[in-house]
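This report is a first walk through one protein model. Look at the sequence and the structure below before reading on.

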Amino acid sequence: MANPNFIDYVKFCSRSGKGGAGAVSMRREKHVPKGGPDGGNGGRGGNIILRGNTQLWTLLHLKYKKHVIADAGAPGAGARSSGADGKDVILEVPLGTVAKDAETGEVRFEITEEGEEKILTQGGRGGLGNANFKTSTNQTPRYAQPGEDGIEEWIILELKLLADVGLVGFPNAGKSTLLSVVSAAKPEIADYAFTTLTPNLGVIPYRDHKSFVMADIPGIIEGAAAGKGLGTRFLRHIERNSILLFMIPADSKDVKKEYEILINELKEYNPELLDKNRLLAITKADLLDEELMEELKVEIPKELPYVFISSLTQFNIDQLKDMIWKALTA
């Protein structure tokens, strides 16, 4: 079953606070005749803010939050007293969260760093009090500005996992098995297609206390860009990967054709994905002897770095890490 705790898409109504109204007030003090206007400004309405948090890896905590509402600003008062600003609402989100306008699909921004804060919905400005409108020809203005209305809009948050390496392959190519072998991640593994229904992340230890992050993406099939299988729902998670590691099993009928199908599906989804560094791992190499390996090498596209591996026997796992690290630091 899919992990119900992995939520990478939420939609909610975001409403910022209304600005407080400016005050109309005249100074009234003993021995101060004709004190003049002293109305203060209204406070700013509360903002809706997104903040990056490395302790989060899913949008689950926002799944049932259909309305996010910030407080209004307080009105101004006499003696040039400004109203208090409305309290901001801060939503903690995992790194790689993209904010979009639900109606237009326009991307607003992306949160990529710990503690990074960006205003999602701006609060209304507070109105100016009558003290701001005093002039030589109008020394007792008896009007002030109302507060600016807040903004109400529907927002979509999408999570794009931030990983150094994204695993790309057909179902049962050995992606989850590899991740379980080289990291502490525990993805579901079985001998049927679409075992992985949600992305998994793993931190891969490397030499001299170095490490990199690997993302296991649910399997792609031919026609995924048109909605077949799991479609393109999870392909967004490899848009932020530095390297794409294509994984094709040694018992594939045609390695070259399978690679071309995967490339085509990525191209249909987002042509920019083809600009990323690509590596190839021929999995289940424990099924091959030297002669079969030589035959398969002929099918591999030229100038594509590759390695034969077996997660079961740990064959060439270190060489795979070396190849990935070399590509990451190139």
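## A buried serine and its neighbours

Ser310 is buried, with a relative accessible area of 0%. This serine belongs to the loop between β14 and α4. The model is a predicted one, and the values in this report are computed from it.

Ser310 and Asp286 are 24 residues apart in sequence, yet their C-alpha atoms lie 5.8 Å from each other. Asp286 sits in the loop between β13 and α3. Asp286 is partly exposed, at 39% relative accessible area, whereas Ser310 is buried.

In soluble globular proteins, nonpolar side chains tend to be buried together. The largest nonpolar core here has 27 residues, and Ile238, Phe246, Leu266, Ile282 and Phe308 touch the most other members. At least two residues of this core come from each of β12 (243-249), α2 (255-269), β13 (277-283) and α3. Which element gives the largest share of this core? That element is α2, with 6 residues.

Strand β12 also holds Met247. With a relative accessibility of 0%, Met247 counts as buried, because buried means under 20% relative accessible area. Between Met247 and Leu178 there are 9.9 Å in space, C-alpha to C-alpha, and 69 residues in sequence.

## Salt bridges

How many salt bridges does the structure hold? There are 14 salt bridges. One of them joins Asp149 to Lys18, with the closest N and O atoms 3.0 Å apart. Asp149 is in the loop between β7 (117-121) and β8 (152-159), while Lys18 is in the loop between β1 (9-15) and β2 (48-52), so this pair ties together parts that are 131 residues apart in sequence. Asp149 counts as exposed at 52% relative accessibility, and Lys18 is partly exposed at 37%.

Another salt bridge links the side chains of Asp88 and Arg44, at 3.2 Å from N to O. Asp88 lies in the loop between β3 (67-69) and β4 (89-93), and Arg44 in the loop between β1 and β2; the pair therefore ties together parts 44 residues apart in sequence. Asp88 is partly exposed, with a relative accessible area of 27%, and Arg44 is partly exposed as well, with 25%. A network of salt bridges links Arg44, Asp85 and Asp88. Lys118 forms a salt bridge with Glu116, where the closest N and O atoms are 3.4 Å apart. Lys118 is partly exposed at 29% relative accessibility, but Glu116 counts as buried at 17%, because the limit for buried is under 20%.

## A negative surface patch

Asp289, Glu290, Glu291 and Glu295 form a negative surface patch. One of these residues, Glu295, has its place in helix α3 (residues 290-299). Is Glu295 buried or partly exposed? Glu295 is partly exposed, with a relative accessible area of 45%.

## Two residues with positive phi

His209 has a phi near 65 degrees, a positive value in a residue other than glycine. The loop between β10 (200-205) and β11 (211-216) holds His209. This histidine is exposed, with a relative accessible area of 85%.

Asn316 is not a glycine either, and its phi is positive, at about 65 degrees. Asn316 lies in the loop between β14 (306-308) and α4 (317-328), and Ser310 lies in the loop between β14 and α4 too. Is Asn316 buried or exposed? At 18% relative accessibility, Asn316 counts as buried. His209, by contrast, is exposed.

Note on methods
Residues numbered from 1 in each chain as written. Predicted model: local features only at pLDDT ≥ 70, side-chain atom pairs only at ≥ 80, totals over all residues. Heavy atoms only, no water. Patch = residues over 30% accessible without salt bridge, like charges linked within 9 Å, V, L, I, M, F, W, Y side chains within 5 Å. Areas by Shrake-Rupley, 256 points an atom, 1.4 Å probe, with all protein chains shown as cover. Salt bridge = Lys/Arg side-chain N within 4 Å of Asp/Glu carboxyl O. Lys, Arg positive; Asp, Glu negative; His and termini not counted. Charge placed at Lys NZ, Arg CZ, Asp CG, Glu CD. Helix = DSSP H or I, 4+ residues; strand = E, 2+ residues; numbered from the N terminus. Buried < 20%, exposed > 50% of the residue type's maximum accessible area, 1.4 Å probe, protein only. Core = buried A, V, L, I, M, F, W, Y, C linked by side-chain atoms within 4.5 Å.
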